[in-house]
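Here are my comments on the model you sent. They are set out as numbered points and can be read with the structure open.

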Amino acid sequence: MKRSSGVRAAAAVAVSALSLALVTGCGGGSDDSSNGSDGQSTKDTKAAKALSAAEVKSAIIAQGDVEGYKVDGSGKQLPKSKDEVKAADAKCAPIAYVMAGQAPGDAAASASVIATQEKKPTADASKALEDLTEGEIEDSLTSAMSLDMTAVSLSSYDGDGAEQTFKSVSDAVDGCAGGFSATAQGTDQKITEVTSEKASGAGDESVAFTVVSDEGGEKSTTHAQVVRHGSTIVTYYTVNVGLMMTDKAYTVPAAVVEAQTAKLK
């Protein structure tokens, strides 16, 4: 992608980003891998009890839990409910929910936050706009947008609900590989490809995948990971517009996954 068109694409991405949870991106690749557990006993699964709404809110990451990240739990950038998120193909709905920072299954309780990487000011930030060349302005914009934004959703389930929900996501990654259409908060999105990539191995089960979208002819890729911790499911959906513009690789940030995993131990 040329950098000039990259800036325009980024602007379009930034607008549609917050309508389908966060964003769409550029580039992509995959490393097919997932982490599956040996499975708990059927007895333990049936006896599993969901966390309460208060316990879920306490268990999800908050401001101060992830070094170098600002955590916003206001929900202003995400759909108010799953009712605002639709997928043309029902089997692909779990992926659309993950992208929208929503619980991928019928949860007893859930909560969502957005973790945004904090950036240090660049040298150009101290210059007046009129003193910057066109190239410096573009570089400054790209640098400012080169940060990870991750929608994190934590949902809890009774019985084997978490296992079934995780399976629905895993099945969707395989079953929706050729893409699907979705709508969030009234905005349509064309997803052209879903591809597995290497998961973190956190929790009892984990799966990671890339989502390739087509935004007005611009191909864009974002990254997601879903992890089951007993009766709880955590989803991560990450975008980095600056790195997408420059076709550089990125993924779900390990720091966010590690911080959330620590809160569930």
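1. What volume does the second largest pocket have? In this predicted model, the second largest pocket comes to about 180 Å³. Its lining consists of Gly73, Gly75, Leu78, Pro79, Lys80, Gly101, Gln102, Ala103, Ser110, Ala111, Ser112 and Ser153. By class, seven of these residues are polar, four nonpolar and one charged. Strand β4 (residues 109–117) is the greatest contributor to this lining, with three residues.

2. The largest pocket holds about 220 Å³ of space. There are 14 residues in its lining, and those nearest the centre are Ala199, Ser200, Gln225, Val252 and Val257. Seven of the lining residues are nonpolar, four are polar and three are charged. Both β9 (218–229) and α8 (254–263) supply at least two residues of this lining. The most comes from α8, which gives four.

3. Helix α8 deserves a point of its own. Its buried residues are Val256, Val257, Ala259, Gln260 and Thr261. Val257 is also among the residues nearest the centre of the largest pocket. The packing partners of the buried α8 residues are α3 (53–59), β2 (69–72), β4, β5 (149–156), β9 and β10 (232–239).

4. On confidence, the chain has a mean pLDDT of 81, with 74% of its residues at 70 or more.

5. Two stretches should be read separately from the rest. Over residues 1–33 pLDDT stays under 50, yet the model has 90 contacts beyond four places in sequence for them. Over residues 36–42 pLDDT also stays under 50, and here the model has seven such contacts beyond four places in sequence.

6. For the fold as a whole, the secondary structure comes to eight helices and ten strands. The chain has 265 residues, and 46% of them count as buried. Among contacts with a separation of 6 or more, 72% are between residues 24 or more positions apart.

7. How many disulfides does the model contain? The count is one disulfide. It joins Cys92 and Cys176, with the sulfur atoms 2.0 Å apart. The pair ties together parts that are 84 residues apart in sequence, because Cys92 lies in the loop between β3 (85–87) and α4 (93–99) and Cys176 in the loop between α6 and β6 (180–184). The link is left-handed, with -105 degrees about the S-S bond. Both cysteines, Cys92 and Cys176, are buried.

8. Is Val98 buried or exposed? Val98, in helix α4, has a relative accessible area of 0% and is therefore buried. Leaving aside neighbours within four places in sequence, Val98 is in contact with Pro104, Phe209, Ala224, Val226, Thr235, Tyr236 and Tyr237. For Val98 and Tyr236, the C-alpha to C-alpha separation is 7.2 Å, although 138 residues separate them in sequence.

9. With a relative accessible area of 6%, Thr165 is buried. Not counting residues up to four places away in sequence, Thr165 touches Pro104, Gly105, Tyr157 and Ile233. Pro104 is also a contact of Val98. Thr165 and Asp106 are 59 residues apart in sequence, and their C-alpha atoms are 7.9 Å apart in space.

10. Where is His229 placed? His229 belongs to strand β9. Its relative accessible area is 15%, so His229 counts as buried under the 20% cut-off. Beyond its neighbours within four places in sequence, His229 contacts Gly203, Asp204, Val234, Thr261 and Leu264. One of these, Thr261, is among the buried residues of α8.

Terms used. Residues are numbered from 1 along each chain as its sequence is written. This is a predicted model: local features need pLDDT of at least 70, side-chain atom pairs count only at pLDDT 80 or more; totals for chains, interfaces and linings use all residues. Side-chain values use heavy atoms; hydrogens and water are left out. pLDDT is the predictor's confidence in each residue, from 0 to 100. Contact means heavy atoms within 4.5 Å. A disulfide is a pair of cysteine sulfur atoms within 2.5 Å. Buried means under 20% relative accessible area, exposed over 50%, partly exposed in between (1.4 Å probe, protein chains only). On a 1 Å grid over the protein atoms alone, a cavity is a set of points where a 1.4 Å probe fits but cannot get out, and a pocket is an open set with protein on both sides within 12 Å along at least five of seven lines; lining residues have an atom within 4 Å of a point. Grid points are joined across faces, edges and corners, and a volume is the space filled by probe spheres set on the points. Ala, Val, Leu, Ile, Met, Phe, Trp, Tyr, Cys and Pro count as nonpolar, Asp, Glu, Lys and Arg as charged, and the others, Gly among them, as polar.
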